[in-house]
Amino acid sequence: MRFTSEQRLDDGVLERAFTLGEIPGTLWTSGSAPAPLILMAHNNGLPRGESRLVARARHAAAHGYAVAAIDAPGCGDRPRSAAEEQDRADLRRAMRAGEPVDEIFESFIGPLVDKAVPEWRTTLDALLSLPGIGGPVGYSGWTAVGIRLAVVEPRIAAAGFFAGGYVPRAQREEARQVTIPLLFLLQWDDEGNPRQRALDLFDAFGSKEKTLHANMGGHTGTPWFEVEDGERFFGRHLK
């Protein structure tokens, strides 16, 4: 892992960009050591610099967590294959036309998960070797990646998932193998995420401790108090 830049933000959080082989990422810390770690991923491969993710990351870091985000393959500024570009073009066309999009999502979100999870595990290895990061480890964000990580990565102790992204069929099946404590956030009026599908996914999780928070509003309307509730959730399981 090589740090390529750093800046001290006005809230006292240290933001450092890094590369790990071909993986670009950002680490936010506040100097509290040893700090539990939260891996933070945005739904469906949006960039790690997206403003909502950065706001959540800075808030968590200011409250004593180390927080890391990476750009998964084909996401952010990372190159995309011709097939990935075609899938995204097909998705935009279908959405404009009001056509079904599940099979298009399936064709590119499934492979994204398969590529992203090994990179997250490689990143986790490197992060836990840094001074000042001691675990335990939580995960927050992109549900499809989080399900796979929770199944294959025993170091993940708790997870907060956002219901607002497409979850491939393989991960819906894997949900039954997820047994760590979960906080699941659902926007009740999310136009791109059928409510019943999200409720069925919540029901499928194998965790004995799982909590569903549902709020009125569309896809990007998650209220800020859910960030604060999420930190209380992670505080119970990571601190």
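Confidence across the chain averages a pLDDT of 91, and 98% of the residues reach 70 or more; pLDDT is the predictor's confidence in each residue, from 0 to 100. This is a predicted model, in which local features need pLDDT of at least 70 and side-chain atom pairs count only at pLDDT 80 or more, while totals for chains, interfaces and linings use all residues. Residues are numbered from 1 along each chain as its sequence is written, and side-chain values use heavy atoms, with hydrogens and water left out.

**Confidence**

- Confidence is highest in S7, at a mean of 97, and lowest in helix H2 (residues 82–97), at a mean of 85.
- Helices (H or I, at least four residues) and strands (E, at least two) are DSSP runs, numbered from the N terminus.

**The sheet**

- Nine strands form an open sheet with mixed pairing, in the order S1-S2-S3-S5-S4-S6-S7-S8-S9; two strands pair if DSSP finds at least two bridges between them.
- Strand S1 (2–8) and strand S9 (210–215) stand at the edges with a single partner strand each, so one side of each has no neighbour in the sheet.
- On average, neighbouring strands of this sheet are turned by 20 degrees against each other, direction ignored.
- Strand S6 (residues 133–142) and strand S7 (residues 156–162) run parallel and are joined by six bridges.
- Serine 140 stands opposite glycine 160 in S7.

- Helix H7 (residues 225–238) lies across S4 (35–41), S6, S7, S8 (182–187) and S9, and runs at about 165 degrees to S7.
- Such angles run from 0 to 180 degrees between N-to-C directions, using axes fitted to C-alpha atoms, for helices over the stretch in contact.
- Proline 223 is in the loop between S9 and H7.
- Leaving aside neighbours within four places in sequence, proline 223 is in contact (heavy atoms within 4.5 Å) with Gln187 and Asn215.
- Proline 223 and glutamine 187 are 36 residues apart in sequence, and their C-alpha atoms are 9.6 Å apart in space.

**The second largest pocket**

- A pocket is an open set of points on a 1 Å grid over the protein atoms alone, with protein on both sides within 12 Å along at least five of seven lines; a cavity is a set where a 1.4 Å probe fits but cannot get out, and lining residues have an atom within 4 Å of a point.
- The second largest pocket holds about 550 Å³ of space, counted as the space filled by probe spheres set on the points, which are joined across faces, edges and corners.
- Its lining has 32 residues, and Arg56, Phe162, Leu185, Thr222 and Val227 lie nearest the centre.
- H7 gives the most to this lining, with six residues.

**The second largest cavity**

- Helix H6 (residues 195–204) gives the largest share of the lining of the second largest cavity, three residues.
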